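My notes are below, in the order I made them.

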Amino acid sequence: MIEPPQRRIVVGISGASGVIYGVRLLQLLRNAGVETHLVMSKTAEVTFAYETSLKITDVKEMAHTVHAVDDLAASISSGSFRTAGMVIAPCSMRSMSEIASGVTTTLLTRAADVTLKERRRLVLMVRETPLHTGHLRTMTALSEMGAIVAPPVPAFYSKPNSLEEMVDHTVGRVLDLFDIDVGVVERWGEGLGLKRRPAARGNAS
């Protein structure tokens, strides 16, 4: 059975720090019954070795379909292959710059370029700090082209108890952009203690 395009998302993982975001995205989408198409850069595999204990084969098994980063004839390289869009989690500065220029050299950035040209949702979890003016101008260009730049910034109002909870909240907010609620976001005004900000001590107002 072929999944409808709204239940199919391309997941890219670049070599930037924060590959756990891509892993958790794959896990949550699988649990939600969304078909995922994974493409990883070669440097992402190196980052996995530094940041996690996961094997690359374990990561690939989380996706429904895995595409080699140098396979420019893959289904996700064509706009005729319908999807709800693409998330790159995390997105390196190099990948971001390639996408913004339109001069793509790998399937990762080609798939992102296709997402933009087909006017589908492209979310880039850009992972870098501090940012120089060139980075900021590139982000502006991407935003003007229709991409959503969503750096993985943690939320503290939910008082997370672990790194895992912080990752889940961030990934959950990214999936909100596709109208997919996987139940991991503690939403402002809906949880206990979040409806009103406590007044600071000594503040009479």
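**Entry 1: confidence**

I noted before anything else that this is a predicted model. I looked up the confidence, and the chain averages a pLDDT of 92. I also wrote down that 90% of the residues score at least 70. Then I checked residues 192-199, where pLDDT stays under 50. For this stretch the model has six contacts beyond four places in sequence. I remind myself that where pLDDT is low, the predicted coordinates should not be read in detail.

**Entry 2: the cavity**

Rolling a probe the size of a water molecule over the atoms shows where empty space is left. I found one cavity of 30 Å³ or more. The volume of the largest cavity is about 50 Å³.

Which residues line the largest cavity? I listed Val10, Ile76, Ser78, Phe81, Thr83, Ala111, Val114, Thr115 and Arg120. I sorted this lining by type and got five nonpolar residues, three polar and one charged. Helix α5, residues 107-117, gives the most to the lining, with three residues.

**Entry 3: helix α2**

I turned to helix α2, which runs over residues 42-51. Which of its residues are buried? I found Ala44, Thr47 and Phe48 to be buried. Seen down the axis of α2, the buried residues fall within an arc of 110 degrees, so they line one face of the helix. I put a general rule beside this: an α-helix has 3.6 residues a turn, so residues three or four places apart point the same way.

I then looked at the face of α2 turned away from the buried side. The exposed residues there are Lys42, Ala49 and Tyr50. What do the buried residues of α2 pack against? I noted the strands β1 (8-13) and β2 (35-40), together with the helices α1 (19-31) and α3 (56-61).

**Entry 4: cis peptide bonds**

I went through the peptide bonds and wrote down two entries. The bond from Ala89 to Pro90 is cis, with omega near -5 degrees. I placed Pro90 in strand β4, residues 85-91. Thr129 and Pro130 are also joined by a cis peptide bond, and omega is about -10 degrees there. I placed Pro130 in the loop between β5 (121-126) and α6 (133-145).

**Entry 5: positive phi**

Arg119 has a phi of about 60 degrees. I found Arg119 in the loop between α5 and β5. Is Arg119 buried or exposed? Arg119 has a relative accessible area of 70%, so I count it as exposed.

Asp179 also has a positive phi of about 60 degrees and is not a glycine. I found Asp179 in the segment after α7 (163-176). Its relative accessible area is 74%, so I marked Asp179 as exposed.

**Entry 6: Thr170**

Last, I picked Thr170, which is found in helix α7. Is Thr170 buried or exposed? Its relative accessibility is 6%, and buried means under 20%, so Thr170 counts as buried. I then looked up what touches Thr170, leaving aside its neighbours within four places in sequence. The contacts I wrote down are Tyr21, Met125, Pro152, Val153 and Pro154.

Note on methods: Residues numbered from 1 in each chain as written. Predicted model: local features only at pLDDT ≥ 70, side-chain atom pairs only at ≥ 80, totals over all residues. Heavy atoms only, no water. 1 Å grid on protein atoms, 1.4 Å probe; cavity = no way out; pocket = protein on both sides within 12 Å on 5 of 7 lines; lining within 4 Å. Points joined across faces, edges and corners; volume = space filled by probe spheres on them. Helix = DSSP H or I, 4+ residues; strand = E, 2+ residues; numbered from the N terminus. Nonpolar A, V, L, I, M, F, W, Y, C, P; charged D, E, K, R; others polar. Buried < 20%, exposed > 50% of the residue type's maximum accessible area, 1.4 Å probe, protein only. Arc of directions from axis to C-beta. Contact = heavy atoms within 4.5 Å. pLDDT = per-residue confidence, 0-100.
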